[in-house]
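Have the structure open while you read.

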Amino acid sequence: MNIVLLNEAVKKTKALLPDTAPTTAVILGSGWGCVVSTFSEIHSIPYAKVPCLGSTQVKGHEGRLIVAEHNGSQIMFFQGRRHWYEGAGWEPVALPILLCAELGVSTLILTNAAGGIRSDLNTGSLMVIDDHINAMGVNPLQGSHDPLLGPRFPDQTRVYNEKVRQSIDRSAQTLNIPLTHGIYAAVCGPTYETPAEVNALRLMGADAVGMSTVPEAILANAIGLNVAAISCITNYAAGIARETLSHEDVITNTHNAQPAMTALFRQLLPSIT
């Protein structure tokens with residue numbers, strides 16, 4: 001990871017965001033972009049104009065950096081994410097995290113679309129991530145160490161902040177939105193998993209599987225942010241159902257879950273900003 005390049009990108013991006021002081025940020029994964037619709041935008045910048053970030057490569061990731069206002073507080077949204085499997089290196093994945101830290105964000109919420117492994121995780125279920133399994137075979141903190149990224153060997157006993165998770169639970173209960181908790185496994189992608197791989201992940205304790213979120217959680221936790229994450233279960237993982245997996249179905253199923261996603265964040269964010 002090129003820290004010099006990232007630091008320069010953070011400085012240039014800050015210059016595009018005058019009078020910006022968010023305390024909370026949200027990275028919106030596949031199909032989650034709808035969440036920003038109920039907040040008042042102050043700034044909106046295409047990713048293509050953000051150094052080190054660049055245009056998104058995956059359908060369902062709009063590719064906008066948005067600062068919004070709600071009840072006098074600012075919230076920063078990354079409407080779409082860059083993935084390790086896109087082949088652009090760690091810089092596009094890391095830039096949002098470093099920008100959050102530089103702007104004074106204390107709480108980062110990550111979202112994604114995931115395949116359900118646990119039998120009760122039906123399509124459209126929302127799952128708060130309590131812990132993760134990094135099955136990607138890589139780690140964003142590999143390579144030369146820089147103090148900007150926290151300690152050389154960061155503890156991961158409590159990556160996902162308990163208080164924020166409790167706030168998510170309370171918001172869902174207020175709205176009568178069904179919500180579950182579980183362990184998320186991240187694989188490298190871009191292929192979906194084989195049935196044998198899904199079975200191995202199940203035996204390891206995974207409840208859902210996807211191709212993102214864990215690198216950002218690792219970085220944010222190391223830097224010292226309060227991290228939380230929510231998965232929208234968009235399909236059964238390979239071998240559990242007979243259907244052929246496709247990204248089109250992921251987008252369709254997240255679209256169907258958008259009312260719950262939007263309502264949950266509308267209720268949640270004012271309570272943690």
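The points below cover the first helix and then the cores. This is a predicted model, in which local features need pLDDT of at least 70 and side-chain atom pairs count only at pLDDT 80 or more, while totals for chains, interfaces and linings use all residues. Residues are numbered from 1 along each chain as its sequence is written, and side-chain values use heavy atoms, with hydrogens and water left out.

**Helix α1**
- α1 takes in residues 3–15, 13 residues in total, and its first and last C-alpha atoms are 19 Å apart, close to the 18 Å expected at 1.5 Å a residue (helices are DSSP runs of H or I, at least four residues, and strands are runs of E, at least two, numbered from the N terminus; the expected span is 1.5 Å times one less than the number of residues).
- Ile3, Leu6, Ala9, Val10 and Thr13 are buried in α1 (under 20% relative accessible area; exposed is over 50% and partly exposed in between, with a 1.4 Å probe and protein chains only).
- They sit on the same side of α1 because they cover an arc of only 115 degrees around the axis (taken from the directions from the helix axis to the C-beta atoms).
- Over on the other side of α1, Val4, Lys11 and Ala15 are exposed.
- The buried residues of α1 pack against β3 (64–70) and α2 (91–103).

**Nonpolar cores**
- The largest nonpolar core has 50 residues, and Leu65, Met76, Phe78, Cys100 and Leu108 touch the most other members (a core is a set of buried Ala, Val, Leu, Ile, Met, Phe, Trp, Tyr and Cys residues joined through side-chain atoms within 4.5 Å).
- α2 gives this core the most, with eight residues.
- A second, separate core has 28 residues, among them Val26, Trp32, Val35 and Ala172.

Definitions and conventions
Contact = heavy atoms within 4.5 Å.
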